[in-house]
Amino acid sequence: MRDETMKILKMVEEKKISAEEAAKLLEALERSSGKEEPSQEKYGKTLRIKVFEGDLSKPKVNVNIPLTIVKFIGKLMPDKVKTKLDEHKVSFEQIMEMVEKGETGKLVEVEDTEENERVEIYIE
């Protein structure tokens, strides 16, 4: 991986820039290197993670990650999401497999009726 790419990802990790800003920087970096444009099938799509607590009509946590960088920032997934997924034996690796296959729509929905909580992961 090139130094410029690593610097951009480091800025995301340190929360200096948003995932969307990083996606734009990575896009510009690809264009400047003369690479072909990524396919529209993945490009421009977003992995969305929503966590609902109590009021299941309004998410308490709402994370949107451009697919172009989602594989690099899996470790930035909110702990609440990781915990709920782990409780239901769903791993980030499984989600990434679905992303790589080009699946769209709702990928995962985990609901805890006792705690009145729900996690939704989907691609738009």
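Modeller: Helices (H or I, at least four residues) and strands (E, at least two) are DSSP runs numbered from the N terminus, and two strands pair if DSSP finds at least two bridges between them. The model is predicted: local features need pLDDT of at least 70, side-chain atom pairs count only at pLDDT 80 or more, and totals for chains, interfaces and linings use all residues. Residues are numbered from 1 along each chain as its sequence is written, and side-chain values use heavy atoms, without hydrogens and water.

Colleague: In what order do the 4 strands form the open sheet?

Modeller: The pairing is antiparallel. Strand 2 (61-66) and strand 3 (105-112) each have a single partner strand, so one side of each lacks a neighbour in the sheet. The order is 2-1-4-3.

Colleague: At about what angle does helix 4 run to strand 3?

Modeller: Helix 3 (residues 79-87) packs on the sheet, in contact (heavy atoms within 4.5 Å) with strands 1, 3 and 4. Angles run from 0 to 180 degrees between N-to-C directions of axes, which are lines fitted to C-alpha atoms, for helices over the stretch in contact. Helix 3 makes about 95° with strand 4. Helix 4 (residues 92-100) lies across strand 1, strand 3 and strand 4, and its angle to strand 3 is about 160°.

Colleague: Which residue takes a positive phi in the hairpin of strand 3 and strand 4?

Modeller: Strand 3 and strand 4 run antiparallel, joined by 7 bridges, and Glu111 stands opposite Arg118 in strand 4. The hairpin has 4 residues between the strands, and the residue with a positive phi near 55° is Asn116.
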